[in-house]
Amino acid sequence: MSDASFNQEDFDRIFGVPIEDIKEHYPVIRNTVLEEVALEFDAMRIAFGDTAHSFATYVRDMKS
């Protein structure tokens with residue numbers, strides 16, 4: 001998003017989530033993001049082989 005197209009409505013939508021809601025859903029959000037990262041490493045297995053697989057395993061082990 002460019003600076004020119006950013007406005008107060010966008011800011012409120014992005015940063016207007018109450019902190020209590022974030023804290024309540026943090027583990028779910030964190031685990032979802034970690035799984036997405038692990039899937040990206042899995043997609044790199046063709047190019048990077050065992051190294052990518054090891055990174056994917058490491059990231060999955062970070063999930064709570």
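The model is predicted: local features need pLDDT of at least 70, side-chain atom pairs count only at pLDDT 80 or more, and totals for chains, interfaces and linings use all residues. Residues are numbered from 1 along each chain as its sequence is written, and side-chain values use heavy atoms, with hydrogens and water left out.

I'll start with helix α1, residues 8-15, where Ile-14 sits. Helices here are DSSP runs of H or I, at least four residues, numbered from the N terminus. Ile-14 is partly exposed at 39% relative accessible area; that label covers values between buried, under 20%, and exposed, over 50%, with a 1.4 Å probe and protein chains only. Together with Phe-11 and Phe-15, Ile-14 makes a nonpolar surface patch of about 300 Å². Areas come from the Shrake-Rupley method with a 1.4 Å probe, and for residues only the protein chains shown count as cover. Patch members have over 30% relative accessible area and no salt bridge; nonpolar side chains (Val, Leu, Ile, Met, Phe, Trp, Tyr) are joined within 5 Å, like charges within 9 Å.

Next, α2. This helix has 25 residues and spans 34 Å from first C-alpha to last, close to the 36 Å expected at 1.5 Å a residue. The expected span is 1.5 Å times one less than the number of residues. At His-25, shortly before Pro-27, α2 has a kink of about 60 degrees. That bend is the angle between axes fitted to the seven residues ending there and the seven starting there.

Which residues of α2 are buried? They include Asn-31, Leu-34 and Ala-38, and their cover includes α4, residues 50-61. Asn-31 counts as buried because its relative accessibility is 19%. Beyond its neighbours within four places in sequence, Asn-31 contacts Lys-63 and Ser-64, contact meaning heavy atoms within 4.5 Å.

Last, the charges. How many salt bridges does a search of the whole structure find? It finds 3, each a side-chain nitrogen of Lys or Arg within 4 Å of a carboxyl oxygen of Asp or Glu. Glu-35 pairs with Arg-60 at 3.1 Å, N to O. That pair links helix α2 to helix α4, 25 residues apart. Glu-35 also meets Lys-63 at 3.0 Å, and Lys-63 is in the segment after α4. Arg-60 in turn bridges to Asp-42, with the closest N and O atoms 2.8 Å apart. Through shared partners, Glu-35, Asp-42, Arg-60 and Lys-63 form one network.

Key
Helices (H or I, at least four residues) and strands (E, at least two) are DSSP runs, numbered from the N terminus.
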